[in-house]
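Here is a short report on one protein chain. Look at the model first, then read on.

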Amino acid sequence: IAATDQVSSGNLYVQVPVHRSEGDLGHLGETFNKMTSELRLQQNRLLAANQTMDARRQFTEAVLSGVPAAIIGVGPSGAITVLNPAAEKLVATQAGAGAGAHVIGEPIDEVLPEAAAALESAKASPMRLVQSQISLTRGGRERMFNVAVTQGEAQEGSQSYVLTLDDITDLVGAQRMAAWA
């Protein structure tokens, strides 16, 4: 009873003395010790997996923060789940300064209605990647963006998406200048 109280308090290193001559009570002690060993092993595996997930999350956040393209994660319901700094800046220009953090959970078609058509095309397409171009007017300036919509891993019939918006305004301008030349 004292050992089970210790286990319920989180001590998975507790063991009970086992005497084989005690029959069923000895077998119960062996089973208890085996159970605490298994629990300890599973807890260690979970802690290691959690540390690995944290390291991957930190790496992903570092990568996303250094990417100049705007990256927006959209969940199955169409709500924004993730924004990198470039996307936060793009959204803040649309909705007012500091708006990036406040749009998490908001529908993409309300926050960035210009990208809604690209997302709908991706939903209707059997392909994993759908690309298009959109024009956004921000701060009185029209900018051209290449939009790539990638389907995430489907879980239980739900589909998430990653939108990558790459500003190609300067490239389009250079192509026009070359064509006129």
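## A hairpin and its neighbour

Strands β3 and β4 form a hairpin with 2 residues between them. In the turn, Gly139 has a positive phi of about 60°. Helices (H or I, at least four residues) and strands (E, at least two) are DSSP runs, numbered from the N terminus.

The β3 and β4 strands run antiparallel, joined by 10 bridges. Two strands pair if DSSP finds at least two bridges between them. Leu136 has Arg143 of β4 as its bridge partner. β4 also pairs with β5, again antiparallel, over 7 bridges.

## About the model

This is a predicted model: local features need pLDDT of at least 70, side-chain atom pairs count only at pLDDT 80 or more, and totals for chains, interfaces and linings use all residues. Residues are numbered from 1 along each chain as its sequence is written, and side-chain values use heavy atoms, with hydrogens and water left out.

## The cores

A nonpolar core is a set of buried Ala, Val, Leu, Ile, Met, Phe, Trp, Tyr and Cys residues joined through side-chain atoms within 4.5 Å. Buried means under 20% relative accessible area (1.4 Å probe, protein chains only). The largest core has 25 residues; Ile72, Val149, Leu163 and Leu165 touch the most other members. β3, β4 and β5 are among the elements that each supply at least two residues of this core.

A second, separate core of 5 residues includes Ala3, Val7, Val14 and Phe32.

## The helix α2

Helix α2 spans residues 24-66. Its buried residues include Phe32, Asn33 and Arg40. The buried residues of α2 pack against α1 (contact: heavy atoms within 4.5 Å).

Note on methods:
Expected span 1.5 Å × (residues − 1). Buried < 20%, exposed > 50% of the residue type's maximum accessible area, 1.4 Å probe, protein only.
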